Amino acid sequence: MTPNREWHFNARDIVPLAWWRTLPFDMLRDAEKLLLRATLGRIEVLHGANAFRAALQGDAAAAIAVAFALTPVEDFTLEIDIAMTALLRCAAEGDSAAALVLANIVCRTEFEHGYAIELSASWYAQHLDRSPYRRKFSDEETKLLAALRERYAEVDRGEHA
C-alpha cells in the first residue's frame, strides 16, 4: 500500500520514535509497522511499570493508560516518545480506541511543524474506519474522551502537577 498523497515528512528520514508526531496514518505501511514493533521490542523498561511493559508489547488498553498518564504533552522527552509510539503502534495496527486517543492527544499538542490538525484528522479518520460506531462514540470512547477533556481542564485550571 502506498500513501495516497504527498506529505511533509518521510518515514525514512525520521526515527520511528518520532513518527507519532510527524506521520499520518496512511504513511505507515507494513514495513513501517514492522519497524515500529522491532523498535519497541528493543526497549527495556527500567522502572517496574507493568503497564509500560504491556504497552510496548502492543496492549492497546495499557498504551492508552500510559499515554493518558503522560498528558498533557508539553515536552518531547524520550519517555513521551516511547509511550506515544506504543500508542501509535496500537492505532496503526487497527485499534480504534488507540486511534481516537492518539488523535486527541496530537490535536492538543504543539509541534514546531504546525501540522497537528492534519495528523489528528488522519488518526480520527482511522478511528472512524475501524469503529463499529460510525455515527456516535461507544460508551467506552465517550468515557475516554471525557477523561481526556477533564485532564486538559485540570491543566487549564492549574491543577496538574
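Me: What makes the side chain of Thr39 and the backbone oxygen of Leu35 a polar contact?

Reply: This is a predicted model, in which local features need pLDDT of at least 70, side-chain atom pairs count only at pLDDT 80 or more, and totals for chains, interfaces and linings use all residues. Residues are numbered from 1 along each chain as its sequence is written, and side-chain values use heavy atoms, with hydrogens and water left out. The backbone oxygen of Leu35 lies 2.8 Å from a polar atom of the Thr39 side chain. A polar contact is a pair of N or O atoms within 3.5 Å; within protein, one must be able to donate a hydrogen and the other to accept it, and residues adjacent in sequence count only if both atoms are side-chain atoms.

Me: Why is Thr39 called buried?

Reply: Its relative accessible area is 10%. Buried means under 20%, exposed over 50%, and partly exposed in between (1.4 Å probe, protein chains only). Thr39 is therefore buried.

Me: Which residues does Thr39 touch, not counting residues up to four places away in sequence?

Reply: Thr39 touches Pro16 and Leu17, where contact means heavy atoms within 4.5 Å.

Me: Why is Cys107 called partly exposed, and Cys90 buried?

Reply: Cys107 has 39% relative accessibility, so it counts as partly exposed. Cys90 has 3% and therefore counts as buried.

Me: How many disulfides does the rule give?

Reply: The count is 0, where a disulfide is a pair of cysteine sulfur atoms within 2.5 Å.
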